[in-house]
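Hi everyone, thanks for coming. Let's take a look together at how two chains meet.

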Amino acid sequence: MAAVGPSVFLLMVNGQVESAQFPEHDDLYCKYCFVYGHDWAPTAGLEEGISQITSKSHDVRHSLVWNFPIDVTFKSTNPFGWPQIVLSVYGPDVFGNDVVRGYGAVHVPFSPGRHKRTIPMFVPESTSTLQKFTSWFMGRRPEYTDPKVVAQGEGREVTRVRSQGFVTLLFNVVTKDMRKLGYDTGPADMLRVEGQGLTHGLPQ
Amino acid sequence: MAEVHVIGQIVGATGFSESSLFCKWGVHTGAAWKLLSGVREGQTQVDTPQIGDMAYWSHPIDLHFATKGLQGWPRLHLQVWSQDSFGRCQLAGYGFCHVPSSPGTHKLDCPTWRPLGSWREQLARAFVGGGPQLLHGDAIYSGADRYRLHTAAGGTVHLDLGLLLRHFDRYGVEC
């Protein structure tokens, strides 16, 4: 009997943008979006979102908590162009303007299971001191016209950035039919805690 | 043909004495390997860290290889450079590491080294900058002719690479 195998596999990702650490900034909100290759298409869930504005806790942790849900499913024929989540964090400056405080990106993990990722956030920097002063004064900091640039490797060699914070994300990954198509994703990655341990409610 | 996907990031670097760093990277494979999609080389952004001393690049790597044999398993070679406020670039270290051979996510720490010159060149490097560099990049990932070099240690480059293998079990390969 000629069995026709699947040609498409599914990737289901859910989780949250848990919290952030930005020692020098407060009152921040974040936006996330997914960047993926030509062979990928989202089939369910939301590809983008904007979180609430959060302030630092007054205890010793100084953590900024969003607890912002992520839930999306992709289908694809090829692991090339594996989805990346791109985060942009914004906050007010001294004059009250909304300026960018960091961009970061990470690939969605591909082994099924629960994963924690702490990613660094960086901000583009002006080259000259005069430009730095003018942008601080006018409230117009250098930012990317399209945050999806952060997920690409090409064209980054001329940019100067400053890394100034971290964001912690939690992912649960489920895949369908990857093994039937012949892919081996390795052992399921049990929760690896990276960075500082922030107390949070683990999903039951 | 068996296929290999390398999906991950060059996260950043620690342990270098200079602070504004960037990395030029490339992948070298044997003759049996063919790159189906992805860029084989690139250069990261220049990062000046504000917190701590780790320079973060978060440079994505997404490569899709097809292979007929195990020889010539892909090697990632790296050159870390520092850029000063005048825009001049100085070599901070060379390093290479093999792409992992078992499927799953791996955290890699790649040590780096830089060529030392004569004591005159070392003194000049301390005051004016510059310093000897390799003429041919293949000494970074190959062992031939290394015996001619005298080098000093640089910092460490950190990578998060994930490996996805396809059809390796059809050919009886265990990894």
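Let's start at one spot: R117(A) has L169(A), in strand 9 of chain A, as its bridge partner. Strands here are DSSP runs of E, at least two residues, numbered from the N terminus, and two of them pair if DSSP finds at least two bridges between them.

A word on what you're seeing: this is a predicted model, where local features need pLDDT of at least 70, side-chain atom pairs count only at pLDDT 80 or more, and totals for chains, interfaces and linings use all residues. Residues are numbered from 1 along each chain as its sequence is written, chains are lettered from A and ligands numbered from 1 in the order in which they are written, and side-chain values use heavy atoms, leaving out hydrogens and water.

Back to strand 9 of chain A. Strand 1 (residues 9-21) of chain A also pairs with strand 9, antiparallel, over 11 bridges; there, S19(A) is partnered with T168(A).

Finally, the whole contact (heavy atoms within 4.5 Å) takes 42 residues from chain A and 39 from chain B. Thanks, everyone!

Definitions and conventions: Helices (H or I, at least four residues) and strands (E, at least two) are DSSP runs, numbered from the N terminus.
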